[in-house]
Amino acid sequence: MQIFPCPFCGPRNETEFHFAGELGKVRPDTGKEVNARDWATYLYAQRNEKGLVREVWLHLTCSELFVMERDSLTMDVRASKSLRGDAL
Amino acid sequence: MTSHRTDRAGLIDRTQPRNFTFDGKAYRGFEGDTLASALLANGVRVMGRSFKYHRPRGPWGAWVDDPNAIMTVTLDGRSFPNCPAATTPLVEDMQARAVNAWPSAAFDIKAGLDLFHRWLGAGFYYKTFMWPDWHLFEPMIRKMAGLGDISRDAPKNYTADQVHDHCEVLVIGGGAAGLACARAAAEAGRGVVLVDDHPIFGGGLHQSVQIEDRTPSEWIADQLAAIMGAGGRVLPTTTAFGVYDHGLVGLAEYGAFGTAPHLHRMRADRIVLATGALDRPVTFAGNDRPGVMAVDAACEYLARYGVLVGRRIALASNNSLADAAEAMLTQAGAKITRISPQDGAIRALGGKQLKGLAQGLRRHEVDTVLASGGLTPLVHLWRHAGGKLDWCAARQAFLPGAAPDGMVAIGAANGTFDLDQALSEARAIGAGNASDAAARTYSLTPLWPEPGDKGRQWIDFQHDVTLKDVELAARENYVSVEHLKRYTTLGMASDQGKTSNMAGLAAMAAIQDRPLPEVGTTTFRPPFVPVPFEMYHGHHGKQLWHPLKRLALEPQHRAAGAALGEYGGWLRPGWYGTGNRGDLIRREVLSARNAAGIFDASPLGKIEVMGPDAEDFVNFIYYNTIRTLKPGNIRYGFMLTEGGIVMDDGVIARLTENRFVISCSSGHVDSVREHLEAWRQDGNNPDRIFIHDLTQQWSTVTITGPKARDILAKLPLGLDLSAQAFPHMTVQETQREETPIRIARVSFTGDISYEISIRSSRASDLWDKVVAAGEPHGATPIGIEALSILRAEKGYIMVGKDTDGETMPHDLGITIPRLKKKPAYIGDRSLHSDKANLPDRKALVGLAVGDGDKVLPTGAHIVDGTLSRSLGYVTSSYDSPTLGHPVALGLLENGSARTGEIVSVWHMGETRQATVCAACFFDPEGERLHA
């Protein structure tokens with residue numbers, strides 16, 4: 001079982017967290033015309049990188065989302081940081 | 001039978017005899033024996049039959065490395081399959097049976113299968129049973145395959161305690177190195193936990209005469225006393241079965257036989273592997289015969305159990321450890337003949353009973369063959385953790401190389417096979433220092449399988465894989481070790497190749513004429529030894545996995561005779577009273593329609609959204625336009641996923657300019673709150689929006705029905721309840737005895753309804769007053785079952801029941817925001833995809849049947865005329881007490897255009913007719929709703 005560091009609560013078991021998404025995914029401005037390809041990319045395309053990744057996770061017990069930098073290959077967790085302020 | 005028990009040696013308690021049976025025959029052993037040692041002491045060698053050929057087999061090893069002696073053990077009427085005899089402690093009255101053998105291991109009826117071995121090589125099933133169809137043969141083959149039979153009765157109270165634990169240094173393995181290291185670490189002030197899978201610490205030390213001027217038992221006791229004296233903990237009979245992500249170690253701590261082990265989820269800052277090494281088998285003809293055993297196993301049987309496995313022993317070893325073994329066994333009375341297996345091919349003679357060993361033309365009349373092809377360090381846990389292995393030519397073994405974080409290997413597990421060096425290494429590591437590589441005395445002559453040798457030479461005992469099978473696999477180009485493993489099933493049995501993997505990959509290396517390290521190893525995966533499934537279930541089960549949410553009004557409901565059940569995670573009244581369930585629910589529906597129903601709606605979501613950006617936020621969250629909602633008003637709306645799918649419906653009330661209350665469905669509160677938080681924090685300014693879920697802090701009592709206003713009027717709230725002053729879809733806030741009360745006029749039944757919300761600590765008072773006020777009007781409490789019927793009569797949907805994972809809002813007839821709403825909202829673009837625009841989307845419809853017809857089954861498919869395709873299905877269906885006939889809702893392709901059409905409804909072979917109608921059967925004009 002992995003241990004993730006919530007920036008607010010400290011290290012906790014992974015069962016307390018939900019994956020929320022890859023960092024940097026920007027919602028297209030649907031107030032304007034959005035073509036089907038861009039919308040489908042937003043909905044479904046994941047980078048799913050091997051190695052260093054930056055992701056948004058939710059700590060269920062405190063309801064805070066945060067950014068976590070980890071290695072998808074070795075499962076090393078490098079850092080985590082609140083979504084507020086500068087991203088990693 | 002001759003007794004193989006020696007007079008003195010061993011750690012068994014000779015004052016405590018233990019009676020047991022094996023294959024129906026009675027034997028006697030001692031406390032401290034294992035099943036295997038007790039049987040060997042009684043001269044029993046055939047303890048099982050092999051997996052495929054039903055060859056007689058006896059123990060090769062004395063502990064976890066034994067692949068052969070597997071038994072089903074019955075104790076106190078409970079039976080446990082696949083117990084390894086070499087590790088199962090002997091208990092009074094145990095009844096053991098060999099697996100894969102009938103009627104007994106000694107006389108197995110399927111032994112004849114061995115005669116057909118020529119046709120049963122690797123890949124035999126794949127090749128033979130292709131035509132005409134594998135499924136024809138599958139049942140028979142499945143029946144013949146496998147080892148023990150699982151008892152049909154699940155053992156009661158077989159539940160593992162689960163402990164989350166932490167220590168600074170976890171030492172795995174309580175042999176000489178582990179003990180010395182744990183002591184050094186404990187004395188250096190570290191918090192140490194030492195585990196060993198044996199009941200008695202010491203590993204192979206018991207084979208020694210003396211260690212540091214003490215007897216092994218004294219020395220071990222000294223170390224344990226010092227470790228505990230320095231605050232360390234020691235766990236015997238505890239197996240470290242796996243290392244998982246981020247250094248989590250699974251420890252199974254065994255107690256009495258037949259009880260579930262305790263599971264320790266151990267987090268250690270540092271893990272020291274002192275897991276030792278195994279003798280690996282020598283590959284020669286007949287090397288699977290009972291009586292062929294590991295050198296180390298014979299020494300362990302003697303040292304721990306006082307069992308001398310044979311009188312005339314051939315010792316076929318390629319390494320320097322054989323001298324000590326020879327001395328020890330000679331001392332115990334055995335006659336040893338040393339054989340150098342590397343000097344020429346050897347073969348075992350005899351069948352069930354070993355007759356001797358031949359090398360070339362020389363025959364040795366022996367009753368036992370002890371073999372060792374060198375030591376293989378136990379690096380399983382090292383590999384679980386991601387550590388690398390390096391090939392060591394001098395030791396002819398894979399040794400721990402680049403270390404995983406926080407892990408270090410010592411002693412034999414690290415290739416330090418000499419005791420003195422192992423002790424100094426262990427003490428250095430324990431004290432936190434580097435260990436110097438000292439001179440070594442261990443030496444061996446390389447000895448590996450030689451392809452082309454005659455006879456049947458076993459590589460994998462447990463899965464019956466021979467050298468010829470490996471050669472066949474190589475010929476058919478299954479040369480990668482991972483392919484070799486899967487094609488021949490080498491190393492795939494319950495011992496996971498502890499004895500076979502090295503021989504298998506060495507054989508492949510020899511066949512291809514490649515260096516052994518180039519062939520590589522297969523992947524080591526947990527568990528190290530088979531452990532009960534109990535070790536793998538989560539720590540949250542049953543109630544703890546999904547704790548029921550309880551109502552503040554539960555005592556009132558119980559007093560009123562409620563039938564409580566789980567609905568959407570809440571324990572809530574299904575109906576009230578005792579008697580026929582259908583009649584009771586029917587009566588509640590009628591009382592709600594004719595007078596009023598009083599309903600505990602507390603589980604309904606009460607999520608407050610506040611702040612200067614709250615309006616824009618809820619307008620973005622909802623499909624419907626919320627921006628135009630005036631304070632004091634309520635609007636019904638959908639929340640969508642970004643895919644445009646309806647995830648929840650409910651009402652939102654605007655209390656003030658910057659304060660909203662979202663009343664999502666009872667079962668969706670947690671997911672809606674999470675959804676709101678995700679959008680609040682990621683995509684909005686979280687300092688300008690605040691989300692506060694008060695669902696469990698506030699309770700809600702609903703009065704619904706034509707008499708609702710009269711009943712509410714009896715409560716001293718000081719409100720004008722007239723339809724003009726308090727119309728449908730508005731909310732009022734008031735106070736009573738300094739307690740805020742919120743009253744929403746909103747309906748889930750189609751009749752005039754008031755939802756009265758109050759903080760939960762005051763709910764019982766409110767409930768009692770409402771029930772008392774309702775009584776003269778004939779109002780009664782109603783449960784969720786009656787409510788489900790009431791709302792279905794009106795055609796109000798339940799998301800997740802009347803919608804599915806493809807339902808979009810326009811499928812439910814709410815089309816205007818999709819066409820008109822300008823500002824962005826979640827899921828907006830998806831509502832204009834090609835898929836969203838298809839004309840044959842499944843839409844919500846009503847389904848009418850004739851008066852006197854039976855209720856349509858929920859889930860029944862609406863089919864086209866030829867029964868070849870489902871056009872939709874029935875989602876909600878009830879016999880309406882109000883209308884006196886069945887009502888049903890369904891999702892139907894192109895449903896809105898089919899009104900009036902007669903469709904076929906198919907269920908369990910029966911086809912019925914129904915008429916498509918509007919999804920509202922009660923008060924379609926809404927006169928009662930707005931009354």
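UniProt positions are given here in the numbering of this structure, with shortened feature names, and such annotations may be inferred rather than shown by experiment. The model is a predicted one. Chain B has 931 residues, 50% of them buried, and chain A has 88 residues, of which 16% are buried.

**Chain B: overall form**

- Chain B contains 22 helices and 47 strands.
- The radius of gyration of chain B is 38 Å, whereas a compact globule of 931 residues would have one near 30 Å.
- The C-alpha trace of chain B spans about 110 × 70 × 55 Å along its principal axes.
- Among the contacts in chain B with a separation of 6 or more, 66% join residues 24 or more positions apart.

**Chain B: domains and UniProt features**

- The domain assignment of chain B lists domain 1 (13-107 + 282-372), domain 2 (109-144), domain 3 (162-278 + 377-430), domain 4 (448-519), domain 5 (605-694) and domain 6 (838-917).
- Between the C-alpha centres of domain 2 and domain 3 of chain B there are 43 Å.
- The UniProt feature "domain: SoxA A3" (unreviewed entry) is placed at residues 454-536 of chain B. That span is 40% helix and 6% strand, and its end C-alpha atoms lie 44 Å apart.

**Chain B: nonpolar cores**

- In soluble globular proteins, nonpolar side chains tend to be buried together.
- The largest nonpolar core has 101 residues, and Val609(B), Val618(B), Ile652(B) and Ala786(B) have the most contacts inside it.
- Helix α21 (residues 784-794) of chain B gives the most to this core, namely six residues.
- Domain 5 (605-694) and domain 6 (838-917) of chain B each supply at least three residues to this core.
- Val609(B) is in contact with Ala614(B), Phe617(B), Val618(B), Phe660(B), Ile662(B), Ile689(B) and Ile691(B), leaving aside neighbours within four places in sequence.
- A second, separate core of 93 residues includes Leu90(B), Ala334(B), Ala510(B) and Leu516(B).

**Chain B: helix α6**

- Helix α6 (residues 295-305) of chain B is largely enclosed by the rest of the structure, because 11 of its 11 residues are buried.
- The buried residues of α6(B) include the charged residues Asp296(B), Glu300(B) and Arg304(B), as well as Val295(B), Leu302(B) and Tyr305(B).
- The cover over α6(B) includes α1 (35-41), β14 (277-279), β15 (292-294), β16 (312-317), α7 (322-331) and β21 (368-372) of chain B.
- After α6(B) comes Gly306(B), which has a positive phi, near 65°.

**Chain B: the loop residue Ala274**

- Ala274(B) sits in the loop between β13 (262-273) and β14 of chain B.
- Ala274(B) touches Val171(B), Ile172(B), Gly173(B), Gly175(B), Ala177(B), Gly178(B), Cys181(B), Ile410(B), Gly411(B), Ala413(B) and Ala426(B), with residues up to four places away in sequence not counted.
- One of these contacts, Gly411(B), is 137 residues from Ala274(B) along the chain, yet their C-alpha atoms are separated by 5.9 Å.

**Chain A**

- Chain A has one helix and six strands, arranged along the sequence as β-β-β-α-β-β-β.
- The C-alpha trace of chain A spans about 45 × 25 × 25 Å along its principal axes.
- Of the contacts in chain A with a separation of 6 or more, 46% are between residues 24 or more positions apart.

**Contact between the chains**

- The contact takes 19 residues from chain A and 18 residues from chain B.
- On the side of chain A that touches chain B, the elements that give two or more residues are α1 (36-44) and β4 (52-59) of chain A.
- The largest share of that side, three residues, comes from α1(A).
- The residues on that side of chain A divide into 12 nonpolar, four polar and three charged.

How values were computed. Residues are numbered from 1 along each chain as its sequence is written. Chains are lettered from A and ligands numbered from 1 in the order in which they are written. This is a predicted model: local features need pLDDT of at least 70, side-chain atom pairs count only at pLDDT 80 or more; totals for chains, interfaces and linings use all residues. A residue is buried if 20 or more other C-beta atoms lie within 10 Å of its own, exposed if 12 or fewer, and partly exposed in between; C-beta atoms are placed from the backbone. Helices (H or I, at least four residues) and strands (E, at least two) are DSSP runs, numbered from the N terminus. Two residues are in contact if their C-beta atoms, placed from the backbone, lie within 7 Å. A nonpolar core is a set of buried Ala, Val, Leu, Ile, Met, Phe, Trp, Tyr and Cys residues joined through C-beta atoms within 7 Å. Domain bounds come from an automatic or database domain assignment. The radius of gyration is taken over C-alpha atoms; the globule rule is 2.2 Å times the number of residues to the power 0.38.
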